[in-house]
Each structure stands twice: as structure tokens, then as C-alpha cells.
Amino acid sequence: MKGSVIKYERDNIDTDVILPGPYLKIHDYAELATHAMEGLDKDFHKRVKPGDFIVAGKNFGCGSSREHAPIALSYSGIKAVLALSFARIFYRNAVDGAFLLPIEIDESAYKDISDSDSLEVNISANEIRNLTKNKVYKMKPFPDLIGKIVEAGGLFNYKP
Amino acid sequence: MSKTLFEKIWDSHIVVEENGRSLLYVDRHLIHEVTSPQAFDGLRLNGRKVRRTDLTFATMDHNVPTSDRSLPIIDQTSSTQIKTLERNCKEFGITLFDINSPNQGIVHVIGPELGITLPGTTIVCGDSHTSTHGAFGSLAFGIGTSDVEHVLATQCIMMEKPKTFEINIQGKRKNPHAVTAKDIILSLIKKIGTAGGTGTVIEYRGDTISELTMEQRMTICNMSIEAGARAGLIAPDEKTYQYLRGRKYTPKNYDEYVNLWRENLKTDSGAKFDKSFTFSAENIAPQVSWGTNPAMTTDVTGNVPFPDEYGKGNPEEEKGATKALQYMDLKPGMAITDIVIDRVFIGSCTNSRLEDLMEAARVVKGKKVSARVRAMVVPGSQLVKKNAEELGLDKIFKDAGFEWRESGCSMCLGMNPDILAAGERCASTSNRNFEGRQGTGGRTHLVSPVMAAAAAIHGHFVDVRELDLN
């Protein structure tokens, strides 16, 4: 996976800012996507390109269990969120529906990666390559089950 | 072998276990209009049925209007979502408490109220505040829509075993009418942080917890998710069994169940938790959140913190506080009691039950809402509303100038017309003070029902310990 970074230097980015409540009434995923991150960044929709990564701080996706949050990011083109840590329901929703990859990174990678950097993520090697800065970071490997669900393309395609 | 309450419930619900991951049986599945439509679409697409329609219950709460229900719903998208749930429940054979049902209400208020929530059961719902049901010794998880579909189809959920976290709360509150369950849970989240419980199931223990009523315990368990926990649990006791006796869905041979629960549903002495935290409730003050997450909370006697003081040397925390103060338009150092408010919301799955309204009414009785404030009470369910009206609480609130509305989630999450305008500041009994949660640009201060009621009367926050509440 290759793409460029949209970085939010913030902890606790909650699902209410990722996809604000009023839009939970929208049934169409493409339309949901036009409101992604609207609570935090009104320009996100104009800026995001297919294949982009979000980089953020601790406890990304905290709050509501709305699956609309990873769906809106996914249909905006976001392939993975690289964060210091994730709230559990967001993490689970992202993986279950194979909407995007929730990747845990460490402090040094978080500090080093800048907005607009080009990254290449290699899941099987647990490696993130910063093509702009010519550096390599480790990502936290997916736990066994998560890895298998990700590989299968979501909960409904996974056969134990 | 000694086991915790969590481990007992978990172990008794395992259908298959393999390499640390388990397929757990789900005893009760609660659904609502917002997180279920795509799940039903998925079932239809794959030609699947709902496996246990008898264990699945639905209501509409998130975007129902709280104004006159004899009028049509103006918002077309809300109306569509509500009609879609009706259609889905009819097609798949699921019990629905619809907008006109005397049992309609917030899903986490009606579950216990109807006796659907029972000790020792597993409960899931496509809503993060499902943790509320843990107050009955039920293992209750909030899930997303893919999992809702999975549970509808299989009545099971796949999970890795969470860690256990004991939170021991000791001591007697000096003024339990002024220092409430909401203040206990807010002050806990302030101490352990919004991710303090991540990956764990919390069991709340200690004499402070035993002393709480069932409705107060629900307030505590409700906000477990605000500390990042997967679920919150309180071991059932005689109060629990009494609360559930004779409710609509309580089992017929109830005493047999109670005997089993008495015997089994407790953490064995000597059982080990993965993590432990103890604190005293003796000196807790009424709490007011000043920032944009529930851990950004302080005593009503305190001041809005300076970012560096809040960050305690952590630059990220300091930055977070700076941004929060900007959004909240507050100056560091100002007294919490000097914060002037525009709106008051008494409601939500955290604080909309009969006792919450009774406690708030003590403050309101014979007084008038400040001229600068618009205040509303949104009972958690039609049954709460009816019971409150029988006690004359509606009259107390209305005489004071509060709006007395129909039941639903309302201004907690701004999905229906009950929202804050940009820049408006609200004293709210809900659970999240996230940016824009109650309306774009709206500013939320989380407080207890008594604190919200007092703020409505005075137009700013006051220390309710100084009021005569007896």
C-alpha cells in the first residue's frame, strides 16, 4: 500500500468528529464519505485522495460504536489509520467490515512522520517505509485472529 | 479455582474456544434505528434469517422527535430510518417498541425497565453505552453494524478474552443528594483517563458501590466506555433482584433464577484481576467538565486549568487542553462557578431515569429557570415519563420554565431537532462533551442532574452542596 499522509497531531479523535451524529441518518456510503472528518477538518473531503493514510495520536476512534466512522473514512479513500493507539470498538469495526487497517505505531514514528509524507506500508513485513524521508518504521504486528480476518477481507469472509 | 464474576459469565457463554478467541453466545440483542439498517440489508442480500427473534428486541430512540408525537416527523431522513426499522422488524419477526408504544424509550433505559436485562446474561447492542446493563451483573458489549448483522444471523459474537480491571470505590459520600453517581464516575475518568480501561472489563466494587441504588449503578456502568473499557460490571445483590421482580419480561420462575444468581454471580475471594485501582468517594465534590473529552473534568469549586498545569509535563496533553479551551471559549484560571450557560439538558441513557428526575426536581421546586437559559427535561422512556407525571414532577419542571418532552436520546447526540446552536453553552447530564456532539459549534459541560438543575435556575454553575436538598 502506498499513499500520502494526512496528519492530525491530536489524541482522542472521537467518532463524533470523524462522522458527526446528524449524518448517521445517511444510508449511502459514498454520501457518508463526503462528511468524513467534518467535525475536525472541514477541508478533509477536498483534500483526501484514494490510498491516503491518516496519522494520529492516542485513542483514535473513541466514543460511539457507529460503524459509519470507519465506513466514511474508507469510502473517502483512506486505506489505513496509523495511530499511537485505538479505541476498541472503532478498531473492531474497521477490521470486521475490512473498511480500513488500524495500524499501531510508536512515538518515534508518530513524531517523525509529517503531513503529506509519502508512505509505503508492508503488512507482511510489519514495516512502514517513509519514501519522502527515506526512513523505515516498525508497526505493531496484528494479533493472530485480526491478521486472519484482515487477510480474509472481513468478518463475513473469514472461515475459522 | 477462584474466578472473577466476569470470568464466570464469560466461561458459561463459550460456544467454541480456539487459540484464545471465543465464539460467545448472546442472550439478549437490543437494536435501534441507527446502527441496524445495513445489518438487515446484509441478511437480505445473503438470504439469511434472524436466528433468535425471541431474544432480539428493538426500539427507536436516537433520532425520534421529542415534541408532540401526534404530528408527522418533519425530517425526512429520520422518518425514513424510523420506517426502515419498522419494516425490518416486521419482515424478520422482531418485537419492536415503536414510537407510539408505551414501552418506547432509550434502549439502555427500557432494557432493565422491561426486565429484558438479567443478571449473568450476555447482552449486545449496536451502541457504545450498552455497558449500562452491566449494573445488573450482565456482561454487555457495544458493537458496530457488522457485528449486529453477525449476531442477528448467528446469535453469537467472536471475541478475544478481555482483561479484567477491578475498580474499588470506598467510603461514604458526605451529601449523597449533592454528590451523585455521575460525580463518582466523572471523577474516576478524570483519574484514569479516557483510555484507562482500554481492552478490559471493569468490575466496580467496594462499599460505595453497594450503597448505590440500581439507577445510580447504571449511571456508573454507562460511562465505562468513556474510560475506554469494553464493559463495566457490578455484582448483583438483593437490590438487583428486587428491581427486576415482576417486570414485563422477567422470567416466570423468578425465584429459582434468583437462587442461582445468589449462589454464582460474584467474584470469588482470592480471584485475581489483571489490574486494580482503588479510590475513596468520601471527599468527591460535584464535577463539571471544562474540555472536550470526559476526562477533562474538575471540581465545581475549582478553576479552568492552565494547559501546562493540566498537561503535567506531557506536551501532547498540554496541546490537547489548549485546543479544548479554544473550542470551549474558556479562559484558564476562571472559576468554574463563573461559567455562564445558555442551555440545560436533563436526559440521556446516563441520567434520564426516575430517580435522576426526582433529584433534579428537588432543586427546581418553587424556583424559576434563569431568564438567559433554555432548559429541557427529556425522560428516558415513556414509562419514566408516566411515573414522573404520577409524582407531579412534570408540573414542578414546567412551572419553573423547563420544557417537558417525549422520550429519546435527544440532545445527547444531536440527531433530532434538539441541538445546540453554534457557540451555545450547555449544562448537560449526558455522557460526551466531544466537539460538536450536541450540535456543530455547541459547547457541552457534563454534570449530574442536580448540578444541571441548579445551573438552570442560577444561569451559571453552583456548588449544589451549598443548597438545601433535604
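1. The model is predicted, and each point should be read accordingly.

2. In chain B, five strands form an open sheet in the order β17-β16-β15-β18-β19, and their pairing is parallel. The edge positions are taken by β17 (403–404) and β19 (443–446) of chain B; each has a single partner strand, so one side of each is left without a neighbour in the sheet.

3. At one end of this order, strand β18 (residues 425–428) of chain B runs parallel to β19(B) and is joined to it by four bridges. Within this pairing, B:C426 has B:T444 of β19(B) as its bridge partner.

4. β6(B) has parallel pairings with two strands. Three bridges link β6(B) with strand β3 (residues 28–31) of chain B, where B:R28 stands opposite B:I123. Four bridges link β6(B) with strand β7 (residues 139–142) of chain B, and here B:T122 stands opposite B:L139.

5. How do helices α2 and α5 of chain B pack, and at what angle? Helix α2 (residues 37–45) and helix α5 (residues 145–154) of chain B pack at about 50°, with their axes 8 Å apart. The two helices are therefore oblique to each other, and their crossing is right-handed. On the α2(B) side, the contact is made by B:Q38, B:A39, B:G42 and B:L43; on the α5(B) side, by B:T145, B:V148, B:E149, B:L152 and B:A153. By class, this contact has five nonpolar, three polar and one charged residues.

6. Between the chains, 35 residues of chain A are in contact with 38 residues of chain B. On the chain A side, the elements that give two or more residues are α1 (15–18), α5 (88–96) and α7 (144–152). Of these, α5(A) gives the most, with five residues. The residues on this side of chain A divide into 11 nonpolar, 12 polar and 12 charged.

Notes: Residues numbered from 1 in each chain as written. Chains lettered and ligands numbered in written order. Predicted model: local features only at pLDDT ≥ 70, side-chain atom pairs only at ≥ 80, totals over all residues. Pairing = 2+ DSSP bridges. Axes fitted to C-alpha atoms, helices over the stretch in contact; angles between N-to-C directions. Parallel < 35°, antiparallel > 145°, perpendicular 65-115°, else oblique. Left-handed = near helix turned anticlockwise from the far one by under 90°. Contact = placed C-beta atoms within 7 Å. Nonpolar A, V, L, I, M, F, W, Y, C, P; charged D, E, K, R; others polar.
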